[in-house]
Number of protein chains: 2
Amino acid sequence: MTDRPPERRAPWPEPPDLLPDEGGGTLLKTRSDDDRDPSSQDAHLQVDFVQQVVEAVRREDAAEAADLVDGLALPDLADLFEVLPPSDRRQLAALAGDNLDPAVLPELDGQVFTDVVRQVPATLVAEAVRQLDSDDAIAVIEELDEDVQNQVLRRLAAADRVVIEEGLAYPEESAGRIMQRDLVAVPQFWTVGQTIDYLRAENPSLPDDFYEIIVTDPFHRPVGAIALSRVMRNERRVKIGDIMTRDPHLIDVMADQEDVAYQFNKYHLISAAVIDQSRRLVGVITVDDIVHVVEQEAQEDILALAGVSEGGVNESIVTMTRSRFTWLLVNLGTAVLASAVIGRFEATIQQLVALAVLMPIVASMGGNAGTQTMTVAVRALATKELSAANALRIVNKELLVGLINGALLAGVIGGVAWAWFGDPLLAGVLAAAMVINLAVAGLSGILVPMTLSRLGIDPAVSSTVFVTTITDVIGFLAFLGLAALVLL
Amino acid sequence: MTDRPPERRAPWPEPPDLLPDEGGGTLLKTRSDDDRDPSSQDAHLQVDFVQQVVEAVRREDAAEAADLVDGLALPDLADLFEVLPPSDRRQLAALAGDNLDPAVLPELDGQVFTDVVRQVPATLVAEAVRQLDSDDAIAVIEELDEDVQNQVLRRLAAADRVVIEEGLAYPEESAGRIMQRDLVAVPQFWTVGQTIDYLRAENPSLPDDFYEIIVTDPFHRPVGAIALSRVMRNERRVKIGDIMTRDPHLIDVMADQEDVAYQFNKYHLISAAVIDQSRRLVGVITVDDIVHVVEQEAQEDILALAGVSEGGVNESIVTMTRSRFTWLLVNLGTAVLASAVIGRFEATIQQLVALAVLMPIVASMGGNAGTQTMTVAVRALATKELSAANALRIVNKELLVGLINGALLAGVIGGVAWAWFGDPLLAGVLAAAMVINLAVAGLSGILVPMTLSRLGIDPAVSSTVFVTTITDVIGFLAFLGLAALVLL
């Protein structure tokens with residue numbers, strides 16, 4: 001099955017002078033040489049390299065700085081901007097000025113993008129937007145402050161501006177925002193030969209790189225798609241309609257990017273046509289953009305579960321503080337609620353201080369078990385492994401798992417508490433509370449995200465606070481309540 | 001910039017009879033019809049459809065079951081197997097037997113795969129392995145129990161078996177496991193015309209679909225790559241060496257799949273050549289497989305942070321219980337440690353029971369703040385946003401954010417406690433403990449994952465337990481210790 005290169009008679013000489021590739025390919029241009037170790041391609045972003053750049057920047061030595069960053073691939077240049085302290089980052093951008101490769105802008109995010117873009121002339125940003133594919137151009141424009149946005153739009157030719165403005169009219173994180181407007185579409189009665197000739201003609205509206213050709217009907221509605229490799233492997237006289245894949249997978253232009261990523265992942269798509277409400281072709285989404293979406297959506301889920309509203313270590317102190325404060329304030333409320341439950345048992349604790357020593361165990365174990373189940377549930381909802389079709393079965397399973405682990409851990413902690421305080425009844429109460437709270441943790445861990453999802457609320461964002469409140473309150477209530485009943 | 005279809009003079013008639021595409025394309029074949037709503041492509045997995053399948057399966061009505069699942073796209077058939085209860089899942093696989101499309105096997109994971117594969121004959125599995133691309137074939141084989149694996153391997157032709165065995169020799173989750181052995185490589189002195197003719201020749205070793213051609217030197221080492229679209233858009237007489245991208249991004253065959261995904265995402269790769277230690281071309285990885293890796297690695301991180309070792313709602317009760325028990329047991333240990341800290345202050349609590357009521361607040365807020373910072377840090381390490389080059393700056397930021405939020409929340413909770421217990425000194429102690437614990441949470445939230453990562457330990461797996469232990473212990477110690485000093 002392994003492919004070998006075609007038969008060769010003798011080694012051939014290296015051509016004397018290879019032309020570099022033209023246009024923004026998908027492959028990396030590095031300043032690498034032949035003995036480059038493929039496993040350490042980030043080597044140039046080592047601490048001492050960054051330090052050299054910082055020193056050059058602080059000496060305002062533009063020539064030295066340019067010399068250092070020259071030959072960095074764009075994604076590496078973007079990484080360099082990210083690791084620099086904000087003042088040096090702004091200074092490097094200012095030193096680069098007009099010489100900055102505008103294609104670096106779509107590689108930057110959040111605060112780093114803002115820092116850099118404020119230092120470079122609007123003409124450079126306009127140039128970036130003009131050069132970039134429409135999806136990248138929109139990604140740059142949407143990050144700009146409104147006044148800069150208007151300045152840049154005014155500098156564009158009318159045709160380019162219309163494309164950008166149409167793109168911005170779609171909701172954020174929709175298919176319309178991430179799709180590419182430049183695409184290749186042909187009618188199904190064309191032959192392979194006609195298609196190749198069309199592609200060979202100098203045609204500025206063709207994208208730099210593409211992987212599938214969309215086949216449309218007279219109303220510009222997609223009726224098929226065909227991988228480039230399949231076009232290439234057929235004779236010139238073969239009709240496109242005879243070799244295309246019918247019923248291509250189509251994406252609604254208003255679909256959420258998370259749903260688009262789900263479809264790409266599930267159906268192993270390389271590219272997919274995007275259609276509007278009248279089923280007309282308006283764009284195409286390719287899988288390289290989807291990798292970024294998958295990463296970003298998973299990142300959002302991870303951070304949301306931990307209660308961080310905006311991620312990134314490069315945000316400003318104010319943004320970072322604010323992005324975490326709200327969640328902490330909400331949790332302070334639930335912590336006070338749990339304290340109020342304890343407050344009801346002040347007299348009980350007064351009589352038996354050992355209760356105060358042991359009570360955090362039950363609440364904390366419930367919180368951990370609830371978080372486990374909840375995290376599995378949130379992911380299963382995101383990947384649609386958990387749906388109405390199997391909900392009841394999964395809920396039962398989680399309850400059972402909670403009961404089994406509760407019983408096992410109750411045995412352990414009961415033994416520890418008995419040995420520690422020498423009181424079998426106290427140990428029994430602790431063990432019983434543990435079983436109750438772990439069963440509650442299993443149930444709330446699955447039911448809370450399912451309910452939120454049913455109500456149209458993102459379960460990743462709000463499940464944690466409900467689940468931990470429930471396990472805290474039930475944890476203290478079960479332990480102290482049983483203790484008040486049994487021990488006093 | 002928008003592409004319009006080529007000029008047409010008049011609408012053309014629909015061709016009377018379109019041939020279906022041949023070979024496993026990347027596009028979906030559904031049983032859809034023309035008025036399909038693109039936003040509801042999962043509609044056939046609605047509860048009532050699943051219920052119909054379950055009923056047919058329980059009646060052992062193979063014909064009815066086949067009729068129902070007929071026309072489901074493979075990924076949808078895989079989803080159906082996933083949502084079915086285990087007994088019905090096995091029964092459906094048994095009813096299908098030889099008629100099951102073997103290409104569904106690589107779509108199944110974990111317990112679901114095992115359930116299905118045990119019901120189908122080894123000949124079918126061997127057939128699947130024979131038909132599939134090498135990466136999918138290896139993905140199927142590696143999931144089999146050893147005796148079934150040997151049975152299947154024995155049924156393969158020697159050439160196929162060697163490819164599989166070579167693939168299995170690479171470490172799990174390495175580039176060698178996910179790469180595709182079938183690829184297209186040509187020498188750089190070839191012309192576009194020669195390349196197209198080579199592709200058109202019936203050649204069983206060519207992959208079904210491919211997006212880039214790799215250009216190799218006489219020693220079969222990659223020296224360039226070229227997107228298919230670029231080959232197509234050049235004249236037949238143009239030399240490949242003149243239009244290829246030099247210095248293509250190369251992947252080490254032993255690289256971890258997480259690192260491969262990172263490179264695809266960072267450098268926006270569509271496909272990349274995989275090389276062995278002597279820099280020879282051994283395979284190619286395409287981005288559609290990377291989407292799955294990104295999803296899977298993010299999933300692993302999310303679940304690991306919550307302390308779940310194996311995910312999925314479809315695992316057996318035993319696997320689910322076990323995958324969560326270890327973590328809970330470790331946390332029980334840390335909870336007992338925290339209790340031991342409280343135990344040191346039994347006398348203090350005896351004198352002032354309000355301490356028992358308020359003490360969980362400080363520990364719980366520290367846990368939440370620590371988890372926030374830790375989650376951001378774990379992600380920043382995974383995406384290499386956080387590295388030695390900016391570590392010190394980020395640690396300082398996290399400490400500052402912890403202090404600011406600590407001060408804000410100390411104000412809130414101090415006020416609440418004062419109003420509740422009417423004791424300004426008690427409120428002051430609580431507020432001071434809050435500031436201390438949130439600063440400690442910020443510091444440990446960033447330092448623990450950084451240290452683990454430096455030690456070569458996956459920070460996603462083990463950070464949580466260290467961070468929450470620290471915030472629990474410091475939380476109780478700071479509050480009760482200050483109280484003992486100041487209040488009594």
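Contact here means heavy atoms within 4.5 Å of each other. Everything below comes from a predicted model.

**View 1. The interface of chain A and chain B, taken as a whole.** With that cut-off, 187 residues of chain A touch 187 residues of chain B. For chain A and chain B that comes to about 17,300 Å², with 60% of it on carbon and sulfur atoms. Polar contacts turn up too: 51 residue pairs across the interface, both partners at pLDDT 80 or more. On the chain A side, helix α18 (residues 354–382) gives the most, putting 18 residues up against chain B. Sort the residues on that side of chain A by type and you get 102 nonpolar, 41 polar and 44 charged.

View 2. How many salt bridges run between chain A and chain B? The count is 10, while a search of the whole structure, over all chains, gives 34. In the pair picked out here, A:Asp79 meets B:Lys266, and their closest N and O atoms are 2.6 Å apart.

**View 3. A salt bridge within chain B, B:Asp301 to B:Arg379.** Here the closest N and O atoms sit 3.0 Å apart. The two partners come from distant parts of the chain, 78 residues apart: B:Asp301 belongs to helix α15 (residues 287–305) of chain B, and B:Arg379 to helix α18 (residues 354–382) of chain B. Are these two residues buried or exposed? Both B:Asp301 and B:Arg379 are buried.

View 4. A:Arg236 is in the loop between α12 (228–232) and α13 (240–243) of chain A, A:Asp197 is in helix α11 (residues 192–200) of chain A, and 39 residues separate the two. A:Arg236 has 36% relative accessibility, so it counts as partly exposed. A:Asp197 also counts as partly exposed, because its value is 38%.

**View 5. B:Asp61 and B:Arg59.** These side chains pair up in a salt bridge too, at 3.8 Å from N to O. B:Asp61 is partly exposed, with 26% relative accessibility.

View 6. The unreviewed UniProt entry puts "transmembrane region" at residues 325–345, 351–378, 399–421, 427–452 and 464–487 of chain A. Among them, residues 399–421 are 100% helix and 0% strand in the model, with end C-alpha atoms 31 Å apart. Residues 464–487 of chain A come out at 96% helix and 0% strand, and their end C-alpha atoms lie 33 Å apart. The unreviewed entry also marks residues 244–300 of chain A as "domain: CBS". That span is 44% helix and 28% strand, with 37 Å between its end C-alpha atoms.

Terms used
Residues numbered from 1 in each chain as written. Chains lettered and ligands numbered in written order. Predicted model: local features only at pLDDT ≥ 70, side-chain atom pairs only at ≥ 80, totals over all residues. Heavy atoms only, no water. Salt bridge = Lys/Arg side-chain N within 4 Å of Asp/Glu carboxyl O. Helix = DSSP H or I, 4+ residues; strand = E, 2+ residues; numbered from the N terminus. Buried < 20%, exposed > 50% of the residue type's maximum accessible area, 1.4 Å probe, protein only. UniProt positions renumbered as here; feature names shortened; annotations may be inferred. Buried area = accessible area lost by both parts, 1.4 Å probe. Polar contact = N/O pair within 3.5 Å; in protein donor to acceptor, adjacent residues only side chain to side chain. Nonpolar A, V, L, I, M, F, W, Y, C, P; charged D, E, K, R; others polar.
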